[in-house]
Amino acid sequence: MPETITVDEMYQIERLVINNNQNGNLTKDKFNLINEQAQYDYMEFLLGDLRRYQFGRPIPPAAWGMTARIRQSLTPFIQPPTSVTVDPATGIAPFPPGYQMWDAMYWSIYRKRVKFIQQERLDSHLNSTINPISRNPVFLSIYTGFEVYPNDIGAIRLSYIRNPRPIIWGSTPDIYGRQVYNPALSSQPEWFREDVIQIMARALRMMGVSLQAAQVSQYADQIKNVGQ
Amino acid sequence: MQRKAFIERFLIQIYGGLPSDDAEMTYDLINSWLPDAVAAAAKQCYKESIQLDGVGYVNNGFYSTFSGLAISADSTDNLCWKFELPEIPPGIGESMGLAEVRFYGDGFTSFPTIPLSVNQWGYFDSMRPIANKIMYMQEGKTVRAKTSLILTSYTATVKMISGGDSTNLDSELVVPPDYFPIMQEYLKVQLGFEKAQKPDITSDGVDMA
């Protein structure tokens with residue numbers, strides 16, 4: 001298990017930052033809502049943020065698979081190759097539950113690759129004499145899953161990144177009506193400790209905007225951009 | 001060296017390591033370039049033999065034997081039979097590519113048959129038959145043989161420059177290892193050229209490649 005911090009620690013840290021700046025209280029619902037968004041925002045950054053693409057060079061500064069460091073951050077969510085059946089009539093393999101992004105696709109007992117292509121190259125691949133589709137299968141990414149060629153490939157093995165578990169700070173009221181942390185009703189972050197810090201920085205950035213508190217936003221930006 | 005190992009070695013070289021899942025160069029693609037590379041190496045061997053020894057030949061290490069080639073009647077000529085080669089051999093010299101043709105049947109193999117050029121083929125028709133000799137002429141992938149024997153009950157066995165069995169990547173690449181560098185240089189030029197091309201990454205109806 002990666003070393004991480006609990007959702008309660010996250011809640012305490014974020015509440016401390018906000019309360020220190022006397023920017024109001026951090027409610028349970030707001031914490032849960034914003035941190036859930038923040039972890040997806042961070043995952044988007046690790047997978048390759050589309051906003052960072054440059055014209056003619058669709059490669060962001062940080063992207064999935066670019067370095068071992070980024071890959072390691074995502075290891076809690078990388079699913080080992082899982083068998084997915086391909087419908088022989090349509091060639092469609094549905095997304096597995098909790099699917100976020102593909103990592104690699106294989107076929108046959110030798111785990112040969114199934115290559116990702118864009119629609120515009122499908123004709124060339126289907127009609128290639130040198131690389132017959134029967135030995136050089138490809139897949140397209142579609143809304144409901146993957147369209148695999150040749151359609152009758154049978155089954156593929158898919159390695160993919162799944163969605164992270166929700167980050168939920170669960171609580172029960174004490175005799176005075178104050179919310180007290182309840183681990184049984186909570187859902188812990190699955191990320192490494194250093195990645196949780198990145199998520200909290202993003203959450204604080206959103207809260208800073210919500211509270212119109214420039215100093216909270218600046219603090220969060222500083223963590224994101226400069227480090228500590 | 002195994003054909004697959006030669007291709008893999010080349011892929012590692014051109015990609016600066018083992019290729020990723022996105023690699024455009026496949027085993028099948030490089031395998032399709034190998035006959036060209038083998039022919040270039042064999043031709044270099046032929047040239048070197050003339051330069052060094054004064055006699056044109058291609059080293060025996062380039063040759064493979066293919067047997068069991070089915071023979072059929074050739075309706076384009078009289079008393080003529082034909083069979084298909086596995087591939088067209090390199091066109092080195094007059095008949096260096098296809099060095100030997102024999103016929104096999106009833107447990108026995110014939111003496112080597114006599115190669116003719118296209119011009120000799122026509123001339124031969126007006127000559128008196130040579131006893132116990134079968135003449136043949138290679139024409140692309142087809143080999144035609146003239147004899148009064150009915151050859152359809154035989155099979156052909158040939159020795160030719162080919163690089164081996166191109167349909168089986170586990171087979172041996174039939175080239176002397178001292179000619180691998182010539183093949184590699186040839187492939188580097190051809191596939192390095194391909195690698196240097198800028199791919200068209202937008203599908204907008206304009207051919208940007």
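Tutor: Glu190(A) has a relative accessibility of 14% and therefore counts as buried, where buried means under 20% relative accessible area, exposed over 50% and partly exposed in between, with a 1.4 Å probe and protein chains only. This is a predicted model, in which local features need pLDDT of at least 70, side-chain atom pairs count only at pLDDT 80 or more, and totals for chains, interfaces and linings use all residues. Residues are numbered from 1 along each chain as its sequence is written, chains are lettered from A and ligands numbered from 1 in the order in which they are written, and side-chain values use heavy atoms, with hydrogens and water left out.

Student: Which residue forms a salt bridge with Glu190(A)?

Tutor: Its partner is Arg162(A), with the closest N and O atoms 2.7 Å apart. A salt bridge here is a side-chain nitrogen of Lys or Arg within 4 Å of a carboxyl oxygen of Asp or Glu. The pair links distant parts of the chain, 28 residues apart: Arg162(A) lies in strand β8 (residues 155-162) of chain A, and Glu190(A) in the loop between β10 (179-181) and α5 (193-210). Helices (H or I, at least four residues) and strands (E, at least two) are DSSP runs, numbered from the N terminus.

Student: How many salt bridges are there over all chains?

Tutor: The count is 13 by this rule. One of them joins Lys115(A) and Glu24(B), whose closest N and O atoms are 3.2 Å apart.

Student: Are those two partners buried or exposed, or something in between?

Tutor: Lys115(A) is buried, at a relative accessible area of 7%, whereas Glu24(B) is partly exposed, at 43%.

Student: How many salt bridges lie between chain B and chain A?

Tutor: There are two. On the side of chain B that touches chain A, four residues are nonpolar, five polar and five charged. In that scheme Ala, Val, Leu, Ile, Met, Phe, Trp, Tyr, Cys and Pro are nonpolar, Asp, Glu, Lys and Arg are charged, and the others, Gly among them, are polar.

Student: What area is buried between chain B and chain A?

Tutor: About 1,000 Å², of which carbon and sulfur atoms give 40%; buried area is the accessible area (1.4 Å probe) that two parts lose on being put together, summed over both. In chain B, Asp21(B), Thr26(B) and Asp28(B) lose the most area to chain A, together 47% of what that side buries. As for contacts (heavy atoms within 4.5 Å), 14 residues of chain B meet eleven residues of chain A.

Student: Turning to chain B itself, which residue does Asp125(B) pair with?

Tutor: Asp125(B) forms a salt bridge with Lys146(B), the closest N and O atoms being 2.4 Å apart. Asp125(B) is in helix α3 (residues 118-125) and Lys146(B) in strand β8, so the pair ties together parts 21 residues apart in sequence. Asp125(B) is partly exposed at 45% relative accessibility, while Lys146(B) is buried at 8%.

Student: What does Cys80(B) touch?

Tutor: Not counting residues up to four places away in sequence, Cys80(B) touches Ala73(B), Asp74(B), Trp121(B), Arg144(B), Ala145(B) and Lys146(B). Cys80(B) is found in strand β3 (residues 80-84) of chain B and counts as buried, at 4% relative accessibility.

Student: How far apart are Cys80(B) and Arg144(B)?

Tutor: They are 6.7 Å apart in space, C-alpha to C-alpha, and 64 residues apart in sequence.
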